[in-house]
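Keep the viewer open and follow the headings.

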Amino acid sequence: LTENRYGASVELDYRDNRMLFGAGARVAAVSAWRAGLFEKQLFAGAGSYGRSERVRGVEAAAKLSYAYLFSARHRLSLSAAVARRQQPIEQLLLQPAYNNALADVEQNATNLDGEIAYLYRASGLSLNVKGFVRIERGAVQTMRFFDDVTYNYVDAVVSGIDRHRYGAELSAQVALSPRFDLSTALTAGSYRYASNPSVSLYTDADNRTIVEGAPSYMSGLHTAETPTFVAVARLSYSESFGWRVEIEAAYAAGRYAAPTPIRRMTRVTDLATSPEEFEQMTSQCRLDDALTVGVAAMRSWKIGGMPSRLTTMVSVRNLLCNRDIVYSAYEPSRVVRAGSGVNIHYRAMPERYTYAYPLTFNVSITYKFR
């Protein structure tokens, strides 16, 4: 895969005693293609060997930012950005490994971002409050799996994926004493699919169309990348002889398995023979909340009269040794066929889970010299 991007950008910054203003713009011409090094028998000649059709487009982005310092302690800032980007070439090819065929989809996506933040600083206290929003429109995703309805290996092109993400963040640093520091942060938000994307299915062997532009009922589901609520707190102790000890706790809630658009198409949900089977195909699994605790100790020494320093750090993660913390999960695109004759029925495959590591020790030794 080859991708070329040629462009230019311009930025403007203005400052006075209290105000900061920034603006920027970028434009780029993008072209991308696949170069097949071998010929695939199923896609003879130019179908797999040599260059594919070029994907060409223009990307553009613009941003604005504004900040005002009310005083040395108070600062308010706002920013907004819009970007039009080309879909990655690997998401536009039906089979990047051995096929030059491009999916017939919109080749550009749009992102909108906005943020407002307030910063307060005082002796022994720093407080930052932020609100954010991000709107993604027109993303494309290609998938490859075995279709249990037609008994074919298929390539799925999911287009028109829209996501809305918004929320608030709060972080604070507090000097409790000359030796103790407390850092804490939390974020709460909503991260959801905002549309029902279109799904087209093609047989892997000959690119024959099985389904074209069928809707998948994803609107309202949660994305899996970010928990809806996260809180972290760290208490640190340091002393003049080079010792530093930290204890940290992190809590995450509102986590969900990554949804698949395949089993939310009517061609699959219509196979459900009971309300329970339908609910299993269309619902989204929420993962258990997760709590982790860790400790770390660090000691630093000066070596001789030279400006050299030896630092040793020992840390323990997941101090509670919880072996049931789910790191991530996803829904398989396949369905299970059971029964025979008139008693055949389908159900969704169970989610696949990846678990976090249990009790983990880390030791590092660093030597810096001049």
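## An exposed arginine and a buried alanine

Arg-370 belongs to the segment after β23 (360-368); strands such as this one are DSSP runs of E with at least two residues, helices are runs of H or I with at least four residues, and both are numbered from the N terminus. With a relative accessibility of 79%, Arg-370 counts as exposed. On this scale, buried means under 20% relative accessible area, exposed over 50%, and partly exposed in between, with a 1.4 Å probe and protein chains only. Arg-309 is 61 residues away along the chain, and its C-alpha atom is 9.7 Å from that of Arg-370.

Before going on, please note that this is a predicted model, in which local features need pLDDT of at least 70 and side-chain atom pairs count only at pLDDT 80 or more, while totals for chains, interfaces and linings use all residues. Residues are numbered from 1 along each chain as its sequence is written, and side-chain values use heavy atoms, with hydrogens and water left out.

Now turn to Ala-61 in strand β5 (residues 55-69). Is Ala-61 buried or exposed? Ala-61 is buried, because its relative accessible area is 18%, and the cut-off for buried is under 20%. Not counting residues up to four places away in sequence, Ala-61 touches Gly-24, Ala-25, Arg-26, Val-82 and Ala-83, where contact means heavy atoms within 4.5 Å. Its C-alpha atom is separated by 9.2 Å from that of Asn-111, 50 residues apart along the chain.

## Nonpolar cores

A nonpolar core here is a set of buried Ala, Val, Leu, Ile, Met, Phe, Trp, Tyr and Cys residues joined through side-chain atoms within 4.5 Å. The largest one has 16 residues, and Phe-145, Ala-156, Val-199, Leu-201 and Ile-262 touch the most other members. At least two residues of this core come from each of β8 (125-147), β9 (152-175), β11 and β12. Strand β9 gives the largest share, 4 residues. Another core, of 11 residues, lies apart from this one and includes Ala-32, Val-55, Ile-89 and Val-157.

Which residues are in contact with Ala-156, leaving aside its neighbours within four places in sequence? They are Gln-141, Thr-142, Met-143, Phe-145, Val-199, Ser-200, Leu-201 and Ile-262.

Leu-201 has Val-211 of β12 opposite. The two strands form a hairpin with 5 residues between them, and Asn-207 in the turn has a positive phi of about 65 degrees.

Strand β20 (residues 335-338) is joined to β21 by 4 bridges, and these strands also run antiparallel. Val-335 stands opposite Ala-348 in β21. Their hairpin has 6 residues between the strands, and Gly-339 takes a positive phi near 90 degrees. In a regular strand the side chains alternate between the two faces of the sheet. In β21 (residues 345-348), Tyr-346 and Ala-348 make up the covered face, and His-345 and Arg-347 the uncovered one.

## Pockets and a cavity

On a 1 Å grid over the protein atoms alone, a cavity is a set of points where a 1.4 Å probe fits but cannot get out, and a pocket is an open set with protein on both sides within 12 Å along at least five of seven lines; lining residues have an atom within 4 Å of a point. Grid points are joined across faces, edges and corners, and a volume is the space filled by probe spheres set on the points.

The largest pocket has a volume of about 860 Å³. Its lining has 38 residues, and Ala-250, Thr-292, Ile-325, Tyr-327 and Ala-356 are the closest to its centre. The second largest pocket holds about 260 Å³ of space. Of its 18 lining residues, Gln-141, Ala-258, Pro-259, Thr-260 and Pro-261 lie nearest the centre, and β9 supplies the largest share of the lining, 3 residues.

How many cavities of 30 Å³ or more does a search of the whole structure find? The search finds 1, and the volume of the largest cavity is about 30 Å³. Its lining consists of Phe-145, Asp-147, Asp-148, Val-149, Ile-262, Val-268, Ser-333, Arg-334 and Val-335.

Methods
Two strands pair if DSSP finds at least two bridges between them.
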